[in-house]
Amino acid sequence: MNLNEIMVSETSGETVEETRVAPIENPVLKLMRKDRMPHIWCPGCGIGTAVNCLSRALDSSGLDLDKVSIVSGIGCSGRVAGYMDLDSFHTTHGRAIPFATGLLLSNPELKVIVFSGDGDLFAIGGNHFLHAARRNQDMLVVCVNNYTYGMTGGQVAPTTPLKSTQSTMPYGNFEEPLNLPQLAEAAGATYVARWTVFHVRQLVKAIKEGLEHKGFAFIEILSPCPTLYLRRNKLGDGVDQVRYFKEHSVLKNGAETREVALKAACPISVGKFVERQAPCWTDVRNAQLSAALGERFASSGGKHGGN
Ligand code: SF4
């Protein structure tokens, strides 16, 4: 926005009209713990873009931020919770989802976001992911998938593409990677989407939808790790990878999740794959205990867990 101001020149005494640009509030900075800066992420890493999108989605969501909690596990993406000026929890490796479940059980009014990496959520934390999705727990899980364990040195992850070189796969990965959207849907997630850090507008919209969704929402974000994954596989820098995402992504809203596996030399399917309504864990629990226990459930805190 431009502001026109009538100024009186100090030298000539004449009035002059001057146009100044009003400062625009950065919607991201106000959600950051500025005392924690500078952050630890490498130049060209995509995690900052993912955080930018998360912050913009939160800022425009209309949610009461005093009732939003963010939980991360361990790893480069696991540092996100510590940088967000929310009620944030940096938990142990793979345990972000059970920690988030505990938050929900103790205070069902919270909107809980789990934000972590592919290694954390789908290797050591894979079991927890399955059961939270199966229960349709009312939370948003955002996974930054950079195909590797970043912080711990570039070991092979459950999402590492076939034949890619990793510190623990020096002759190329021979394990089939997980198709995360298919896994999420099969386990019971009721919202599933995939975008890349190139698709910032779509990602902001998806995160807002995930925040509004009642039940287990899962968003996969493909993101470059230039320091370990790209360098080791001679795939250029972060900009090269974002350009790759731009040129090789194909919008496939509503696609069958079994069709969206990431494969070398195939387009990257992006979009919203699943959105359906189903009772979440607390609804089912409350209905069943109310029916079984009646007044006893109500008087023992029947509101507990109802959202
Ligand atoms: Fe990002 Fe990779 Fe650096 Fe971790 S090691 S901050 S994932 S570029």
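**Around a cysteine and the ligand**

Visitor: Leaving aside its neighbours within four places in sequence, which residues is C45 in contact with?
Guide: Please keep in mind that this is a predicted model. C45 itself sits in the loop that runs between β2 (15-21) and α1 (47-61). Once neighbours within four places in sequence are set aside, the contacts of C45 are P224, C225, P226 and G238.

Visitor: Is C45 buried or exposed?
Guide: A residue counts as buried when 20 or more other C-beta atoms lie within 10 Å of its own, and as exposed when there are 12 or fewer. For C45 there are 23 other C-beta atoms within 10 Å, and C45 is therefore buried.

Visitor: Which helix gives the most to the shell around the ligand?
Guide: The ligand is surrounded by W41, C42, C45, I47, C76, N146, G150, M151, C225, P226, T227 and L228. By class, that shell has nine nonpolar, three polar and no charged residues. The helix that gives the most to it, with three residues, spans residues 226-232 and is α8.

**The sheet**

Visitor: What is the order of the strands in the open sheet?
Guide: The chain as a whole has eleven helices and ten strands. Eight strands form the open sheet, with mixed pairing, and their order is β4-β3-β5-β6-β8-β7-β10-β9.

Visitor: Which are the edge strands?
Guide: An edge strand of this sheet pairs on one side only, and this holds for each of two strands, at residues 87-90 and 249-251. From one strand to the next, the twist averages 20°. The edge strands are β4 and β9.

Visitor: How many of the residues of strand β3 are buried?
Guide: From β3, V68, I70 and S72 point one way while S69 and V71 point the other way, and all are buried. Strand β3 (residues 68-72) is largely enclosed by the rest of the structure, because the buried residues number five of the five.

Visitor: In β4, what is the bridge partner of V71?
Guide: On one pairing, four bridges join β3 to β5 in parallel, and there V71 stands opposite V114. Strands β3 and β4 also pair in the parallel sense, again over four bridges. In β4, the bridge partner of V71 is F89.

Visitor: In β6, which residue is the bridge partner of G117?
Guide: Strand β5 (residues 111-117) and β6 run parallel and are joined by six bridges. The partner of G117 in β6 is V144.

**Helices against the sheet**

Visitor: What angle does the direction of α6 make with that of β7?
Guide: In helix α6 (residues 180-187), the buried residues are L180, P181, L183, A184 and E185. These pack against α4 (118-124), α5 (126-134), β6 (139-145), β7 (191-196), β8 (217-222) and β10 (268-275). On the sheet, α6 touches β6, β7, β8 and β10, and its direction makes with that of β7 an angle of about 170°.

Visitor: At what angle to β7 does helix α7 run?
Guide: Helix α7 (residues 200-212) lies across β5, β6, β7, β8 and β10. Its angle to β7 is about 160°.

Visitor: What arc do the buried residues of α5 cover around the axis?
Guide: What covers the buried residues of α5 includes α3 (96-106), α4, β6 and α6. The buried residues of α5 are H128, F129, A132 and A133. They are on the same side of α5, because the arc they cover around the axis is only 125°.

**Backbone details**

Visitor: Is K234 buried or exposed?
Guide: K234 lies in the loop between α8 and α9 (238-248), and its phi is near 55°, a positive value in a residue other than glycine. Because K234 has 7 C-beta neighbours inside 10 Å, it counts as exposed.

Visitor: Is Y147 buried or exposed?
Guide: Y147 has a positive phi of about 70° although it is not a glycine, and its place is in the loop between β6 and α6. With 27 C-beta neighbours inside 10 Å, Y147 counts as buried.

Conventions. Residues are numbered from 1 along each chain as its sequence is written. This is a predicted model: local features need pLDDT of at least 70, side-chain atom pairs count only at pLDDT 80 or more; totals for chains, interfaces and linings use all residues. A residue is near a molecule or strand if its C-beta atom, placed from the backbone, lies within 6 Å of it. Ala, Val, Leu, Ile, Met, Phe, Trp, Tyr, Cys and Pro count as nonpolar, Asp, Glu, Lys and Arg as charged, and the others, Gly among them, as polar. Two residues are in contact if their C-beta atoms, placed from the backbone, lie within 7 Å. Two strands pair if DSSP finds at least two bridges between them. Axes are lines fitted to C-alpha atoms, for helices over the stretch in contact, and angles run from 0 to 180 degrees between N-to-C directions. The arc is that of the directions from the helix axis to the C-beta atoms.
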